[in-house]
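I opened my notebook to look a structure up piece by piece. The entries below follow the order in which I looked.

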Amino acid sequence: MTWKQATTEAKLLLIGIPVLIWTVLPVYHMILFAISPKDSAFAGHLWPDHPTLRNFSIVFSEQHHYLSHFWLQLWNSLLIAVSVGLLTLLVATFAAFAISRLKVRGGRTIMNLALFTYFIPAAFLAVPMYKTMGNYGLLNNQWALILAMVTIASPYSIWVLKQASDKLPYELDEAAKMDGASPLQLFRLVYLPLMMPSLVAIGTYSLLLAWNEYLYAFLLLSNDKQITLGVALGNFLAADDSPWELLMTVGVIYALPPAAIYYTFKRYMVGGLTAGAVKS
Amino acid sequence: MASIALPEVHRVPSGPARKALSPWQKWGMILIAPYVVIFIVFVLYPVGYGLWLARHPSSYVSLVDDPIFARAIVNTLVFLIVGINLKMVVALFLSGFFVQARTWIKWLSLLFILPWALPSIPTILSIRFMLNPEWGIVNSLIFRFTGADGPNWLNDPYIALSMAILVHIWKSLPFWTLILIAGRLAIPNEMYEAAAVDGATNWQKFKFITWPSMRTLYLTCTILSMIWTLGDFNSVYLLTGGGPADLTHVLATLGIRYLRLDQVDLSMASIVCAMPLVLPLVYFMMKRLSR
């Protein structure tokens with residue numbers, strides 16, 4: 001290694017180490033709390049003297065009044081995320097097929113309206129959505145959150161699926177029509193198999209969006225037995241005597257599934273989802 | 001050949017539709033109906049209802065009279081101008097770092113995505129605890145190394161807002177870096193090789209090759225990031241809750257504050273007031289995407 005190469009490596013490390021610390025520190029801090037006994041969590045150590053999994057066993061056996069519905073809330077999060085993922089896939093796949101392959105009249109307008117909805121930040125739609133759900137009598141009903149999240153996840157999903165669908169050759173549709181295929185057969189036998197990678201990306205996108213959502217979840221649900229784990233985490237903040245080490249333990253448990261899904265489907269996520277933004 | 005074939009195939013599906021409803025058009029309408037229903041019931045109606053709730057001029061008068069509203073607008077502008085430019089410049093710089101071919105940089109890039117891959121609630125709460133003035137790890141370390149008490153991070157409005165901006169950057173930096181990495185990888189390597197032959201310095205390579213090829217992408221990313229940052233509720237709400245004394249609110253959290261105070265008309269009015277900021281950016285992005 002020459003002198004010049006060595007200085008290049010040193011410069012790269014000089015960037016890499018701060019980047020590593022900056023990125024990992026809050027995550028590490030969360031894990032540190034989760035494996036620390038109650039008294040040592042607040043001592044400001046960088047590693048606990050006696051790392052323990054006791055916090056996890058307290059959480060799993062719901063031995064704290066903040067945690068009395070832990071398993072139910074975990075289940076709520078899962079149920080809502082999966083429902084949003086499936087419903088979004090259904091709605092968006094149908095819509096993208098109709099717009100891109102069947103060239104339904106007004107499809108372009110609907111696409112533009114959907115895109116417009118996508119670009120308006122969801123936080124600005126939260127209050128009208130909350131009032132609307134009240135009018136529909138859906139407040140404190142998990143369907144309110146599911147439908148709201150499908151509404152938020154659909155526009156981008158339709159757009160990504162339409163972009164992918166537009167790339168499929170039209171000769172396929174022509175050939176299918178020649179053979180006397182109906183639109184539904186075309187959808188099932190040609191469109192769905194070819195769109196699989198994008199469908200995986202969209203399913204993952206909407207599932208993660210719903211699992212991670214905080215604002216809509218805490219607005220639309222308030223009963224302890226209906227809220228998601230994310231809202232339950234936020235509720236810890238309400239009291240001064242909150243058990244922070246348990247809060248961080250629940251946080252680790254809550255953060256693990258999306259991280260696992262993200263890293264599993266990273267290939268699809270990066271390919272399918274950044275393509276749109278990179279197009280510029 | 002493709003350019004000749006294209007207009008022809010486009011005409012075929014829509015051709016027969018003009019006469020009567022072909023099965024293709026019929027199925028098209030059935031399949032698009034679910035989204036249209038969702039759009040009407042959960043977008044169009046709420047927006048219309050919201051505008052109706054915000055119809056009284058008096059709401060705007062009391063909104064303008066509320067010092068917290070003015071403060072939220074200033075905070076939002078600071079958040080946008082400082083936060084986004086800082087984030088995008090760092091992302092541009094780091095994208096240059098992550099395209100270096102090293103094994104350890106590959107591994108680092110996997111870790112680097114963590115903030116983006118993890119849900120914001122637990123990580124932002126973790127940062128909130130780190131900044132606790134009494135027992136947070138940051139002040140503990142400051143005390144251990146200097147013997148002095150650290151600042152009261154979240155109780156000073158300026159530091160608290162800066163911290164919220166940093167949280168926002170922490171969370172979204174990986175995403176924009178990834179996009180800019182993709183942009184950098186799209187630049188043909190021959191250009192850099194040719195520049196190296198001509199004896200160009202790194203700065204000259206950036207100035208004459210990288211920047212001209214990435215300028216449009218960088219601008220698009222900045223605009224898109226502005227829209228998303230305007231709607232960033234979590235970074236402020238979960239870190240400071242708008243405090244101390246409601247001095248760190250931004251437009252995204254202000255509507256929720258009024259809602260919690262049962263002032264729905266003010267809440268909607270504040271959202272309407274955010275629209276002059278949001279809509280031009282949205283228009284720009286729509287233009288860009290429909291090209």
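**Entry 1: a residue in a helix**

Which residues does A:Val59 touch, not counting residues up to four places away in sequence? I looked and found A:Leu67, A:Phe70, A:Leu246, A:Thr249, A:Val250 and A:Ile253. I note here that this is a predicted model.

I then placed A:Val59 in helix α3 of chain A. Is A:Val59 buried or exposed? I counted 23 other C-beta atoms within 10 Å of A:Val59. The cut-off for buried is 20 or more, so A:Val59 is buried.

I also looked up one pair. A:Val59 and A:Phe70 are 11 residues apart in sequence. Their C-alpha atoms are 7.2 Å apart in space.

**Entry 2: a second pair**

Next I went to A:Leu113, in helix α5 (residues 107-119) of chain A. How far apart are A:Leu113 and A:Pro155? In sequence they are 42 residues apart. In space I read 8.5 Å, C-alpha to C-alpha.

A:Leu113 has 17 other C-beta atoms within 10 Å. Buried needs 20 or more, and exposed needs 12 or fewer. A:Leu113 is therefore partly exposed.

**Entry 3: the nonpolar core**

I turned to the largest nonpolar core, which has 163 residues. Which members touch the most other members? My list reads A:Val84, A:Ala95, A:Ala126, A:Leu145, A:Ala148, A:Met149 and A:Leu220.

I picked A:Leu145 from that list. Leaving out residues up to four places away in sequence, A:Leu145 touches A:Ile80, A:Tyr216, A:Ala217, A:Leu220 and A:Leu221. One of these, A:Leu220, is itself on the list above.

**Entry 4: two helices crossing**

I looked at α4(A) and helix α11 (residues 229-236) of chain A. Their axes come within 8 Å and cross at roughly 130 degrees. How should I describe that crossing? Roughly perpendicular runs from 65 to 115 degrees, and roughly antiparallel starts over 145. The two helices are therefore oblique to each other.

Which residues make the contact? From α4(A) I wrote down A:Gln73, A:Leu74 and A:Ser77. From α11(A) I wrote down A:Leu229, A:Gly230 and A:Ala232. By class, this contact has 3 nonpolar, 3 polar and no charged residues.

**Entry 5: positive phi**

I read a general rule before looking: most residues other than glycine have a negative phi. Then I checked two residues.

A:Glu62 has a phi near 55 degrees, a positive value in a residue other than glycine. I found A:Glu62 in the loop between α3 (54-60) and α4 (70-100) of chain A. It has 14 C-beta neighbours inside 10 Å, so I noted A:Glu62 as partly exposed.

B:Ala245 also has a positive phi, about 55 degrees, although it is not a glycine. Where is B:Ala245? I found B:Ala245 in the loop between α12 (234-237) and α13 (251-260) of chain B. B:Ala245 has 10 other C-beta atoms within 10 Å, so I noted it as exposed.

**Entry 6: where the chains meet**

How many residues of chain B are in contact with chain A? I found 80 residues of chain B in contact with 76 residues of chain A. On the side of chain B that touches chain A, helix α2 (residues 23-53) of chain B gives the most, with 21 residues. I sorted that side of chain B by class: 63 nonpolar, 16 polar and 1 charged.

**Entry 7: each chain as a whole**

I finished with the overall figures. Chain A has 13 helices and 0 strands. The radius of gyration of chain A is 24 Å, well over the 19 Å that the globule rule gives for 280 residues, so chain A is more spread out than a compact globule. Its C-alpha trace spans about 75 × 70 × 30 Å along the principal axes. Of the 280 residues of chain A, 48% count as buried.

Chain B has 14 helices and 0 strands. The radius of gyration of chain B is 25 Å, well over the 19 Å that the globule rule gives for 291 residues, so chain B is more spread out than a compact globule. Its C-alpha atoms fill a box of roughly 80 × 65 × 30 Å along the principal axes. Of the 291 residues of chain B, 40% count as buried.

Key. Residues are numbered from 1 along each chain as its sequence is written. Chains are lettered from A and ligands numbered from 1 in the order in which they are written. This is a predicted model: local features need pLDDT of at least 70, side-chain atom pairs count only at pLDDT 80 or more; totals for chains, interfaces and linings use all residues. Helices (H or I, at least four residues) and strands (E, at least two) are DSSP runs, numbered from the N terminus. A nonpolar core is a set of buried Ala, Val, Leu, Ile, Met, Phe, Trp, Tyr and Cys residues joined through C-beta atoms within 7 Å. Two residues are in contact if their C-beta atoms, placed from the backbone, lie within 7 Å. Ala, Val, Leu, Ile, Met, Phe, Trp, Tyr, Cys and Pro count as nonpolar, Asp, Glu, Lys and Arg as charged, and the others, Gly among them, as polar. Axes are lines fitted to C-alpha atoms, for helices over the stretch in contact, and angles run from 0 to 180 degrees between N-to-C directions. Angles under 35 degrees count as roughly parallel, over 145 as roughly antiparallel, 65 to 115 as roughly perpendicular and the rest as oblique. The radius of gyration is taken over C-alpha atoms; the globule rule is 2.2 Å times the number of residues to the power 0.38.
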